[in-house]
Amino acid sequence: MIRLALFSLLGLIAIALSLELALRWIAGFGNPPLYVADPATGYRLAPNQSVKRFGKQITVNQYSMRNAAIAKAPAPDTLRILLIGDSIVNGGWWTDQSEILSAAIAQQLAAKLPNPYTDVEVLNASANSWGPRNELGYIKSFGLFDAAVVVVVINTDDLFATAPTSVQVGRDRSYPNRKPALALFEVYRRIFVKPQPIPELEVIQQEGGDRVGKNLDAIAQIQTLVNDGQGQLLLAMTPLLREVVPPGSRDYEIKARQRLTDFASAAEMTYVDFLDSFQSHSAPESLYRDHIHLSPDGNALVTHAIAQQVQAALTD
């Protein structure tokens, strides 16, 4: 009886160990990308990490960018672009490092580099749910890395983004600040533990006043910093899926979009609004993987347009 119990226990341990290893090495559970709290950005990806999650490689450098390690300044013959934004720029766990927006733009620019450049770097400063105020905080903290062009990518929701906060770091499972002890624990929590609301975050999400105006002001401050650094700014905005197909943008979104258009025009800012090109696409739903994030087809459309605008900015 004792021997049977011992064999049963060893069998259970072997099964648990095999499952743990499978969850880690096949799915990437137990090894999520980590975040750090930051008073300037609210939160950002923890620096110097490399993980494989659900078969996708995620590499984060010393500046919390989704890039390999970089020098603070580029080599004289290297064209450097700073791409900054939210999860659309970052790519999240669902996009391999080789397929994120910055990598695709770099590949397209490399095919037609203006003189005197012989190489190109597209830096990817981004994090899920960042808005213009988070992005301004990043630039104030880390600078522009001597980028010739700074590309700010937002989506319609970002016009209504709230002030940066770090209250979700380590409390929301989407923003972990340490690894779970076991992959089994992470799976268990995802399946059986209901996420708990964060009261402080709910208060911040009810921020009153003119949110659109605050975010436009943040973009204006980014433009000032870029101009002071002798760079050029490109602002691009992607729409939500429900804006691309009927019934289209809601009234408050239409008003906010018009404010952004007027603001960019008054500031003489290069602005690319993807709403029309997405709406006129033969299969607009194919440009999305969900209601906001882009599919490979959507990324390809955005990549082409941004690369063209960067090339135009450098040859004007």
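Tutor: Start at Gln230, which sits in the loop between helix H7 (211-228) and strand E8 (232-238). Keep in mind that this is a predicted model.

Student: What is phi of Gln230?
Tutor: It is near 65°. That is a positive value in a residue other than glycine.

Student: And is Gln230 buried or exposed?
Tutor: Gln230 is exposed, because its relative accessible area is 70% and the cut-off for exposed is over 50%.

Student: Which loop holds Asn48?
Tutor: The loop between E2 and strand E3 (49-53). Asn48 has a positive phi too, about 55°, although it is not a glycine.

Student: Buried or exposed, for Asn48?
Tutor: Asn48 counts as exposed, because its relative accessibility is 59%.

Student: Let's switch to peptide bonds. Is the one from Asn115 to Pro116 cis or trans?
Tutor: It is cis, with omega near 5°. Pro116 lies in the loop between helix H3 (101-110) and E6.

Student: What about the bond from Pro246 to Pro247?
Tutor: That peptide bond is cis as well, with omega near 10°. Look for Pro247 in the loop between helix H8 (241-244) and helix H9 (251-266).

Student: You mentioned E6. Where does Asn124 lie?
Tutor: In strand E6, which covers residues 119-126.

Student: Buried or exposed?
Tutor: Asn124 is buried, because its relative accessible area is 0%. Buried means under 20%.

Student: How far apart are Asn124 and Ile254?
Tutor: In sequence, they are 130 residues apart. In space, the distance is 29 Å, C-alpha to C-alpha.

Student: On to pockets. What volume does the largest pocket have?
Tutor: About 980 Å³. Its lining is made of 43 residues.

Student: Which of those lie nearest its centre?
Tutor: Tyr43, Asn128, Ser129, Ser174 and Tyr175.

Student: Which elements give two or more residues to that lining?
Tutor: Strand E2 (42-45), helix H2 (87-90) and helix H6 (199-204).

Student: And how does the lining split by class?
Tutor: For the largest pocket, there are 20 nonpolar, 13 polar and 10 charged residues.

Student: Now the second largest pocket. What is its volume?
Tutor: About 370 Å³. It is lined by 16 residues, and the closest to its centre are Arg173, Pro176, Arg178, Pro180 and Arg189.

Student: Which helix gives the most to that lining?
Tutor: Helix H5, residues 183-192. It gives 4 residues to the second largest pocket.

Student: Last topic, the surface. Which residues form the nonpolar patch?
Tutor: Leu17, Leu21, Trp25 and Ile26. Together they have about 520 Å² of accessible area.

Student: Where is Ile26 found?
Tutor: In helix H1, residues 2-27.

Student: Why does Ile26 count as exposed?
Tutor: Because its relative accessibility is 68%, and exposed means over 50%.

Note on methods
Residues are numbered from 1 along each chain as its sequence is written. This is a predicted model: local features need pLDDT of at least 70, side-chain atom pairs count only at pLDDT 80 or more; totals for chains, interfaces and linings use all residues. Side-chain values use heavy atoms; hydrogens and water are left out. Patches are made of residues with over 30% relative accessible area and no salt bridge: like charges are joined within 9 Å, nonpolar side chains (Val, Leu, Ile, Met, Phe, Trp, Tyr) within 5 Å. Accessible areas come from the Shrake-Rupley method with a 1.4 Å probe; for residues, only the protein chains shown count as cover. A salt bridge is a side-chain nitrogen of Lys or Arg within 4 Å of a carboxyl oxygen of Asp or Glu. Buried means under 20% relative accessible area, exposed over 50%, partly exposed in between (1.4 Å probe, protein chains only). On a 1 Å grid over the protein atoms alone, a cavity is a set of points where a 1.4 Å probe fits but cannot get out, and a pocket is an open set with protein on both sides within 12 Å along at least five of seven lines; lining residues have an atom within 4 Å of a point. Grid points are joined across faces, edges and corners, and a volume is the space filled by probe spheres set on the points. Ala, Val, Leu, Ile, Met, Phe, Trp, Tyr, Cys and Pro count as nonpolar, Asp, Glu, Lys and Arg as charged, and the others, Gly among them, as polar.
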